[in-house]
Amino acid sequence: MAAQQGGADSTGAGFVAKTEEHLESHEVYDLLGGLLKKLIIHQPPGDEIIQFLIDELQKKPGACVIIMGPPGIQKTAIAKLVAESLSLPHISCGALLKSKFSSTIASGEYVGDDDVWKLVSGELKKNDSWVLSGFPRTRVQARLMQSNTCLPDKFILLHSYKNEANIHGVEQVKEHLYWRNIFGTVELFENVVCQLPCDAAVPEMAKIIERVVSLRAFSNAPLRPMRACIVGPVGAGRSTQSELLARAYGAVHVDVEALLLEQQEHYNMSRQDYVPVEEVSNEELCKIVGQRLRQADCLRKGWILDGFPKTLEQARFLRSSNFTPSRVVHLTVEEAVSLQRLSGRMVDPVTGHVYYAAPAAVAVRQRLVKAKADQPEKVKSRFQEHVENAESVLNEFSWIKTTIRGNAPAPSVCEQIMDFFERPLPRETTQQESGK
């Protein structure tokens with residue numbers, strides 16, 4: 001009887017695990033979360049809930065996006081391009097105010113919060129999805145949005161450096177009013193805020209925001225934040241690409257080597273004696289990665305996971321822990337390239353900083369050492385271990401993976417990866433066609 005009970009428990013546990021993995025890999029959790037949000041916002045009568053959910057499932061995916069920034073940053077022009085690209089209506093608070101309160105605007109003063117809300121809310125009510133620029137400008141306006149369940153999916157906060165000595169008159173008044181109010185406003189939307197430096201031309205900034213919004217028309221969860229794994233042998237350029245991608249998509253760069261180094265430094269291990277990821281147990285690595293991915297910033301912004309998974313066990317951990325990525329990129333280089341790239345990597349034993357080129361300071365340059373994990377024989381061993389494990393890891397994610405050569409210049413490699421990220425996969429396209 002005990003054996004039968006144990007078998008039943010085992011079968012039940014297996015069923016639950018398979019069910020959870022199915023729901024996660026098909027983004028059903030995110031789909032249900034989105035529907036629940038719609039129910040809370042619209043609160044349809046009890047006898048209309050089922051039909052409401054059916055209607056929502058049949059709608060074209062959309063997003064509610066706020067774009068804010070200081071005066072003179074061209075946020076309206078950027079927002080207009082974003083709206084056009086995403087096929088969403090653009091609501092410009094500035095244009096609405098100029099049509100009703102031109103003299104007040106010209107003086108640099110803010111129009112009363114209630115008056116602004118009446119204008120903006122009238123436009124918001126006309127659309128389920130929108131790109132809104134220049135609102136909310138004050139904490140009171142943000143509260144009015146929340147109390148009327150006008151909740152953004154993304155709040156894009158643009159910022160740039162300005163020399164205040166060159167700002168005078170009305171423009172100076174506008175600048176001071178903006179900075180006086182913006183922090184209290186952003187605080188109310190902290191779970192969906194993404195701050196971006198406005199350091200590119202208007203078209204390029206619009207493209208960056210489109211990636212951050214990540215509106216995926218062919219997905220069960222069209223607004224799910226980016227979740228990607230960048231894997232490859234040592235020296236393939238994983239960290240370089242992960243940093244570029246995290247910046248492009250407003251996601252968190254989760255560097256497994258950095259996480260491991262942080263833990264080892266906690267136990268007073270020097271950077272020179274750093275234990276490479278390949279020599280750490282699957283159990284310990286999975287624990288470290290799982291703890292990081294469960295943190296609020298990763299849940300809100302998404303993540304680019306750098307250097308994980310490296311083994312089949314680690315890949316299965318991601319799937320069983322509801323961390324199935326949206327995309328997996330395998331960067332490849334020859335062993336000779338890996339050796340060449342790491343041959344110049346040196347470590348400052350005092351600061352722990354890594355250098356790929358000789359630093360200008362003579363004192364720092366003279367104390368640099370090579371980490372034991374970067375010695376040629378160690379690099380060859382780590383490279384071979386990756387080769388032995390790569391196929392089984394990639395097979396776990398066969399429907400969302402691609403292989404890209406890492407020998408090309410970093411910007412070229414990054415463009416190839418972003419093209420893969422943004423191109424609907426065959427299964428996603430089939431899903432969309434079957435739902436027509």
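## Lining of the second largest pocket

The lining of the second largest pocket comprises 16 nonpolar, 8 polar and 9 charged residues (Ala, Val, Leu, Ile, Met, Phe, Trp, Tyr, Cys and Pro count as nonpolar, Asp, Glu, Lys and Arg as charged, the others, Gly among them, as polar). The model is predicted: local features need pLDDT of at least 70 and side-chain atom pairs pLDDT 80 or more, while totals for chains, interfaces and linings use all residues. Residues are numbered from 1 along each chain as its sequence is written, and side-chain values use heavy atoms, without hydrogens and water.

The volume of this pocket is about 840 Å³. Of its 33 lining residues, S239, T240, E257, R345 and Y356 are the closest to its centre. A pocket is an open set of points on a 1 Å grid over the protein atoms alone, where a 1.4 Å probe fits, with protein on both sides within 12 Å along at least five of seven lines; lining residues have an atom within 4 Å of a point. Helix 11 (238-249) contributes the most, with 5 residues (helices are DSSP runs of H or I, at least four residues, and strands of E, at least two, numbered from the N terminus).

Five strands form an open, parallel sheet in the order 2-3-1-4-5; two strands pair if DSSP finds at least two bridges between them. Strand 2 (90-92) and strand 5 (193-197) are at the edges, each with a single partner strand, so one side of each lacks a neighbour in the sheet.

Strand 2 pairs with strand 3 (130-133) over 3 bridges, and I91 stands opposite L132 in strand 3.

Note on methods. Grid points are joined across faces, edges and corners, and a volume is the space filled by probe spheres set on the points.
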